[in-house]
Amino acid sequence: MAKFRKEGSKDVPAISTASLPDIVFMLLFFFMVSTTMREVTLMVNNGMPEARQVSKLEKKSLVSNIYIGKPKDQFVGIYGSEPRIQLNDKLANLNEISAFVIAEQETRKEEERNMITNNLKVDQFTKMGIVTDVKQELRKANSLRISYATRKKV
């Protein structure tokens, strides 16, 4: 019969760190792929109204956003408290809308230029006068696809 022997104290083997860089790079790659960066810094209040019947836009790459609302608190001293129009990252006047539409069309492919939708993100407390003026300027620029952004009512 065999005897059970107790050999001296055995040391615990060290943990292998050879795969640690692989794990770190996989996590880094995952977060780089799954994170979206904010494209526009909002300078106007944008509390969108609620709606019951909402439909999603098909191709978000063909959407150009126009924000309308009162400037945020940190910009009230510079721009006043009247509703303003924000095109990308700057506040603009009505006469700058046609140049914005042309610049947006230039960034798209030739066959997609007529399919661009102007998405109006209007604050719920903004009067319709400025919205109507924006729509008139979009008509002058021959940009006739317009949608309104809303929150879905629960």
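**Note on the sheet, its helices and the salt bridges**

1. Asn 119 stands opposite Ser 147 in strand β6. A strand here is a DSSP run of E with at least two residues, a helix is a run of H or I with at least four residues, and both are numbered from the N terminus. Strand β5 (residues 117–122) and β6 run parallel and are joined by three bridges. Two strands pair if DSSP finds at least two bridges between them.

2. This is a predicted model, in which local features need pLDDT of at least 70 and side-chain atom pairs count only at pLDDT 80 or more, while totals for chains, interfaces and linings use all residues. Residues are numbered from 1 along each chain as its sequence is written, and side-chain values use heavy atoms, with hydrogens and water left out.

3. Five strands make an open sheet with mixed pairing, in the order β4-β3-β2-β5-β6. At the edges stand β4 (90–92) and β6 (146–148); each has a single partner strand, so one side of each lacks a neighbour in the sheet. On average, neighbouring strands of this sheet are turned by 30 degrees against each other, direction ignored. Axes are lines fitted to C-alpha atoms (for helices, over the stretch in contact), and angles run from 0 to 180 degrees between N-to-C directions.

4. Helix α3 (residues 97–106) packs on the sheet and touches β2 (63–69) and β3 (84–87). Contact means heavy atoms within 4.5 Å. The direction of α3 makes about 155 degrees with that of β2. Helix α4 lies across β2, β3, β5 and β6, at about 165 degrees to β5.

5. Side chains of opposite charge can pair when their charged atoms come close. A salt bridge is counted when a side-chain nitrogen of Lys or Arg lies within 4 Å of a carboxyl oxygen of Asp or Glu. By this rule there are seven salt bridges.

6. One of them joins Glu 137 and Lys 140 (3.4 Å, N to O). These two residues are three apart in helix α4 (residues 128–140), so about one helical turn separates them. Glu 137 is buried, at 16% relative accessible area, whereas Lys 140 is exposed, at 65%. Buried means under 20%, exposed over 50%, and partly exposed in between (1.4 Å probe, protein chains only).

7. Glu 104 and Arg 108 also form a salt bridge (3.1 Å, N to O), and both are buried. Another joins Arg 113 and Glu 106 (3.9 Å, N to O). Arg 113 is partly exposed, at 21%, and Glu 106 is exposed, at 52%. Salt bridges link Glu 106, Glu 110 and Arg 113 in a network.
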